[in-house]
Amino acid sequence: MKTISVRDLKKYYKIYEKEPGFLGSVKSLIYRNYHVSKAVDNISFEIEEGELVGFIGPNGAGKTTTLKCLSGLLYPTSGDVSVLNYKPFERDHKFLRQIALVMGQKNQLWWDLPAIESFALNKEIYQIPSKKYASVLEELSTLLEVKDVLQVQVRKLSLGQRMKCELIAALLHTPRVLFLDEPTIGLDVVMQKKLRDFIKEYNTEYNSTILLTSHYMDDVKELCRRVIIIDHGRILYDGSLDEIVIKYAPYKLITVILHKKVERAQLQKLGKIVDYSMPKVTLSVPREESNHVAAKLLEKFPVKDLNIEEPDIEGIIRDVFAKGGK
Amino acid sequence: MRRYLRIYKMLLHLNFASLVAYRANFVNSLISSIAWAAFSLFSVILLTGRTPNVYGWSRNEIILLTGSYNIIVGIFHMVFSRNFQRFSTIVHYGRLDSILTKPLDSQFLLSFWLVAYTSVIRVCMGIAINIYILTAMGLQYSVLDIMFFILMMLLGIMLLYSLWLFVITLTIWFTRLSNLVDLLYTMNGVTRYPPKMVNEAGNFFSYILIPFTFVVAPPTRLLLQKALSGEIIGLAVLSISFFILSRLFFRYALKFYTSASN
Amino acid sequence: MFLPKEGNNMRILRIFLLHVQHIFEYRSRSLIWFFISLLNPLMLLLFWKGAILQNNGAGTTLPYITSYYLLLVVAGAFLTAHVEEDVSEIDIHEGHLSQYLIRPFSYFWFKFFEEIPYRLLQGLYGVIVCAIFFSFFGQLFVFVTDPFQLFLCVIITLLAYFLSFYFKMVLGILAFWIQDIRGLYQVIEIVMLIFAGFLVPLELLPPAVSHLSFIMPFAYMIYFPVVSFQGKLPLDTMLHVIELQCLWLVLFVAIYQIMWRKGIQKFTAAGQ
């Protein structure tokens, strides 16, 4: 049995429209227009235990809605969802004890008390055995480097420390399935990196299944071998990051630095010129021809330096969105 | 059940710790507790200054009503009010999700999270008023009488709780109406008047208020040894049925929330 | 600002319209606020009704009491500004005041025109309720008839609003010096309930309390507008009330100006 399995999931909303401005307000008193918005429109995927999957797409693509359906916060319009063999929307307490949903800046910590007090409360709420609680707390606070601030009032902590403590509070019960919605949003680059390392370690340490959404391609590039790309409520791509390159970017980039000026026309025969700023030229050539073209370049032109690259992944994904997955 | 008690014990501890940690807050809520209890007493003394008898209640009896009001509402504020305030804020800012993903009864999490210890002072002032008036009236009680009074009082609190839950649950649909809490605070004030006053007003709005008149008056009439069995049964029935009704309504609202929210 | 040149009038109009729109969005919310302000006076009215019927008048009459509490609903809604918490919590403690300070418009008048749509709407609800009541119980209503007296009533009401607004602004900017001010606000609210006439018409209070209430400024914010609209005050008393209102107003304006100057120095020095 897969840890997460989603089949033909749909979630539609009715959206009421209001015209802007004062007259709009008056109008909305009398009648209201609405249209159906398809937040999630017929998506299916499966995730195995221990997988770390990145969920990417622009704002309003349906990422958060999907996460909410998976964690039991939203009742799907239609389709089957199963997480750890439970139907999430029944919100069985046994199910809830095995998952966690971390969304942006949550505040479940008690503001006027040290974080450790809030943790102790979560221990009771999630019925964590004392021994396990002690060892997990020790481990998480070491990993996140907050051991020495656990006894400090939360209101006196820095934003970063507070976020880390929130994360600990959410993970104390070592959820088997973890949903992370934009975990690094609003953090500085150093903190982002630290948090990423932590997520990776947590994933291997506890073999938990993690589904993560993010705006930052860095998060996804570094953490996830598999990505699901979603836009307008539909899945555009589901597979490994490496394959996305082969599928959507059937070309490589060859950059050469030349000793002498070479005319555009001469190079154009070998591939599409992406950048021409003497003495540097970048060509885009079909993947399978790249070696052949490189050899030709070396042979025919006064090459000082040559470099073959994969195209930039962010660019590819932008392409995917632009083409709508076709 | 034992698990819930353990969690509540823990919450009592956390609330006390944060009360002590933040002194200004402590002073503010203490001041407001004392001030409102004092106001309820002053206002009733000023109001009844020219009237020895209103709606069948003598001046002393009405002051006793105020005493009981402070005990019952004091306990209610200590245990519940701030939780309802938190409830409507949570809904207003769309943070119900964090409640729903906890493996614990959502109603419990929303009703018992915060404790306003400073309201104890209000309860004490209420008890003092009652003792003073009852001594002046020369009434005597057995332990059983007191126990029965306490039972009635608890039913009154349960009724008040259910009414609040019912109304605040509406904010799940009308998220902007977080000020319904303020309306409820004001409606609590209705409980300190003779029930007859509201019953005889005879217009649409006063009917809405009738359940509130059952919260304080029947226990007080019990103290006056004037309670009719009808009032007592009425309170018990209202209290239990509203409790069940409000819980069902709350559950229904959550179902709505999870099928329509965005 | 890249707006075309326009007079202060235009700007005031814009502030005003913006907030009217805001109110429409929050119309249901403001209706609830109105119910809140309606409930207590109605309870008191019902209480008096019983008291008068059972105690041979209790020193007053039903028409007087009825019109008193109904006018009180309007006065309470129309004349009680609720700016103090916005000023203290949002503007001063959370630092939003800075946004006002960089605009070429006085903070005080900003707040003043932000508040007026709310007061008008609340007052309008009150007038509607009164009108409904009047159509049913016209004979229970006591109201001023003489046009000159009516004119004085309007002046008393306007002065009352300025008085109450300045008072609330003073309370608001106290937050420059006092960190946790909510306890104080609660106490002042209670003092106002008693001494502005929200609880009982001031002349029906025990003599000592009644006397005290006329020395304090609160009666001039709520009680006198109400009784003057009832047509109960003779002309010379009305003029005297206006005199005292002006005196209080001058005092509050002076206090506000001094406090504002000192407070703003403290605010900018703290670099909030």
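## Confidence

Helices here are DSSP runs of H or I with at least four residues, and strands are runs of E with at least two, numbered from the N terminus. Chain C as a whole has a mean pLDDT of 84, with 87% of its residues at 70 or more. Where pLDDT is low, the predicted coordinates should not be read in detail. The complex has an ipTM of 0.88 and a pTM of 0.85 from the predictor.

This is a predicted model, in which local features need pLDDT of at least 70 and side-chain atom pairs count only at pLDDT 80 or more, while totals for chains, interfaces and linings use all residues. Residues are numbered from 1 along each chain as its sequence is written, with chains lettered from A and ligands numbered from 1 in the order in which they are written.

## Helix H7 of chain A

The buried residues of H7(A) (20 or more other C-beta atoms within 10 Å of their own; exposed means 12 or fewer, partly exposed in between; C-beta atoms are placed from the backbone) are Leu195(A), Arg196(A), Ile199(A) and Tyr202(A). Seen down the helix axis, they fall within an arc of 130 degrees (taken from the directions from the axis to the C-beta atoms), so they line one face of H7(A). The face turned away from the buried side carries the exposed Val189(A), Val190(A), Glu201(A) and Thr204(A).

After H7(A) comes Asn207(A), with a positive phi near 45 degrees.

Terms used:
pLDDT is the predictor's confidence in each residue, from 0 to 100.
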